[in-house]
Amino acid sequence: QHRPGAAVLHRGQHRHGAEDIEDGERTNLVIWSYSRSYRATTAYKRQHLKEVGPPHPRCLSYTHDRDFGQFKQYPPGKRERFEGRGWCPQKQAEYDGFRAD
């Protein structure tokens, strides 16, 4: 459950998104790490293997996920702008039964 004052930390290798806020403001601290030598390894290339199944609805983002509408309703006014524009999962990583919006 998202709550004010809480932080979420993750490696970024699984689907993740943020819901719209209704009032106030959100502050994000994003730290990226990049390594050419690591990205050349088999371990890095395995990160984009086929997903084992559908995502948990809490992890979906209408701005990034190609199958968002299969699991959640778009917020008012967002379908027109975002449907069909997502990139996740990548084609080679689609789980069995994947259907894009």
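Student: Is Glu-83 buried, exposed or partly exposed?

Tutor: Start with the idea: buried means under 20% relative accessible area, exposed means over 50%, and partly exposed lies in between, with a 1.4 Å probe and protein chains only. Glu-83 has a relative accessible area of 35%, so Glu-83 is partly exposed. Please keep in mind that this is a predicted model, where local features need pLDDT of at least 70 and side-chain atom pairs count only at pLDDT 80 or more, while totals for chains, interfaces and linings use all residues. Residues are numbered from 1 along each chain as its sequence is written, and side-chain values use heavy atoms, leaving out hydrogens and water.

Student: Which residue forms a salt bridge with Glu-83?

Tutor: A salt bridge here is a side-chain nitrogen of Lys or Arg within 4 Å of a carboxyl oxygen of Asp or Glu. For Glu-83 the partner is Arg-79, and their closest N and O atoms are 2.9 Å apart. Arg-79 is partly exposed, with a relative accessible area of 36%.

Student: How many salt bridges does the structure hold?

Tutor: There are three. In one of them, the side chains of Lys-50 and Asp-96 meet at 2.4 Å, N to O. Lys-50 sits in the loop between α2 (42-45) and α3 (68-71) and Asp-96 in the segment after α4 (79-82), so this pair ties together parts 46 residues apart in sequence. Lys-50 is partly exposed at 44% relative accessible area, whereas Asp-96 is exposed at 62%.

Student: Where do Glu-94 and Arg-66 lie in the chain?

Tutor: The side chains of Glu-94 and Arg-66 meet in a salt bridge, 2.7 Å from N to O. This pair links distant parts of the chain, with Glu-94 in the segment after α4 and Arg-66 in the loop between α2 and α3, 28 residues apart. Arg-66 is buried, with a relative accessible area of 15%, while Glu-94 counts as partly exposed at 23%.

Student: How many helices and strands does the protein chain have?

Tutor: Helices (H or I, at least four residues) and strands (E, at least two) are DSSP runs, numbered from the N terminus. This protein chain has four helices and zero strands.

Student: What share of the contacts in the protein chain joins residues 24 or more positions apart?

Tutor: Contact means heavy atoms within 4.5 Å. Among contacts with a separation of 6 or more, residues 24 or more positions apart account for 59%. As for burial, buried residues make up 20% of the 101 residues in the protein chain.
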